[in-house]
Amino acid sequence: MARIVMKFGGTSVANLERIHNVARHVKREVDAGNEVAVVVSAMSGKTNELVGWVQDIPKVAGANSPFYDAREYDAVVASGEQVTSGLLAIALQSMGINARSWQGWQIPIKTDNAHGAARIQEIDGADIIRRMGEGQVAVVAGFQGIGPDNRIATLGRGGSDTSAVAIAAAVKADRCDIYTDVDGVYTTDPRVVPKARRLKKITFEEMLEMASLGAKVLQVRSVELAMVHKVRTFVRSSFEDPDAPGMGDLINPPGTLICDEEEIVEQEVVTGIAYAKDEAQISLRRLADRPGVSAAIFGPLAEAHINVDMIVQNISEDGSRTDMTFTVPYGDVQKALKILEDNKEKIGFDVAQNESGLCKVSVIGIGMRSHAGVAAQAFKALAEKGINIKAITTSEIKISILIDGAYSELAVRTLHSAYGLDKS
């Protein structure tokens, strides 16, 4: 017998038929004698609809400002998961399974006060553990908790993944199964490279890099939590027949295991290629080269929650002036430029230039720690295809390369092949 947390995303619970299919997956684990908790997202498209209503109601009401109270935003958008958890509990009860729905505040999942993007601070899993021990399935509404102001707080987009991993850690689950519309983690996006292979195992560190650099399989924060608490996490497909051979395998079910490095015997030099489109580059020209300038630039951007990446500073010839270049998501360009302009006198630059339509392609692999020449191999492969590199950043297990967006798919295919990832 094992204790398992199962998470199902929006496409997996998109309608009543799919919710019934999810119930069959849960029944399989219950029938095997396992203790089960289930975390669900809102039905596909519902969160977008709810967010749209929140954004539109000030206009309908004739308000001069489009802004709204983030606490009421949370009250509205959290209702999507509440509906799904209740429906799944009813579906399970209809199949003769003892099940009960839970909202985040009922557990409770305690968060900070950052409504709309709250972070989990504490989970008391005692009651759920007791109920599971009595044979009851806990169906938990993902994406939500309760803040210190005693109001519902949501965890940000993709927050149900974080809910599931956090609950798995709180109840000391043997594993956390993340069911989605793909059957695992691939070496790269199969839509771009048809020869992409599904990985049997990937380390927490590699998955964290993949998720943060463009792979959409898991939310970054959920991988961080899994790594900190060493929660063995499987990425699985909810669209496979729940009763297909191997689906009930406790040790190695179909999918990709995200685990500690110690569980992977043979480490590939490169595990995967990730990419993120719609990157933008901002360059500050003739910037004062003095202590404190970087803080003056990136401090206000951080306060505005603008994610900055790939920072490059040119060497100053005379020690007085230099150039600083960095990337931000395309959607944040105008906001970033305004902040920089507002702080121009304090920063001390002549002009701010920007370029959009760029792509960041990343080579990721824990085996890179002990192998030389990995970066050179990437640069040579891209050069042979005539792809110009605009910026480079590296870490122990990743190389990120900034290129023109028009070459994104060619670059991904080229690097995937260069490292032999398309060979079975």
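Visitor: In which helix does Glu-81 lie?

Guide: This is a predicted model, in which local features need pLDDT of at least 70, side-chain atom pairs count only at pLDDT 80 or more, and totals for chains, interfaces and linings use all residues. Residues are numbered from 1 along each chain as its sequence is written, and side-chain values use heavy atoms, with hydrogens and water left out. Helices (H or I, at least four residues) and strands (E, at least two) are DSSP runs, numbered from the N terminus. Residues 79–94 form the helix that holds Glu-81, namely helix H4.

Visitor: Is Glu-81 buried or exposed?

Guide: Buried means under 20% relative accessible area, exposed over 50%, and partly exposed in between, with a 1.4 Å probe and protein chains only. The relative accessible area of Glu-81 is 3%, so this residue is buried.

Visitor: Where is Thr-47 placed, and is it buried or exposed?

Guide: Thr-47 belongs to helix H2, which runs over residues 46–60. Its relative accessibility is 13%, so Thr-47 counts as buried.

Visitor: In which loop does Tyr-186 lie?

Guide: A further "binding site" annotation in the unreviewed UniProt entry covers Tyr-186, along with residues including Lys-7 and Val-217. Those annotated residues are spread in space, up to 24.4 Å between C-alpha atoms. At 22% relative accessibility, Tyr-186 counts as partly exposed. Its loop is the one between strand S9 (175–180) and strand S10 (201–203).

Visitor: How many helices and strands does the protein chain have, and what is its radius of gyration?

Guide: The secondary structure comes to 13 helices and 18 strands. The radius of gyration is taken over C-alpha atoms, and the globule rule is 2.2 Å times the number of residues to the power 0.38. For 424 residues that rule gives 22 Å, and the chain's value is close to it, so the chain is as compact as a globular protein of that length, with a radius of gyration of 23 Å.

Visitor: What percentage of the residues in the protein chain is buried?

Guide: The protein chain has 424 residues. Buried residues make up 50%.

Notes: UniProt positions are given in the numbering used here, feature names are shortened, and annotations may be inferred rather than shown by experiment.
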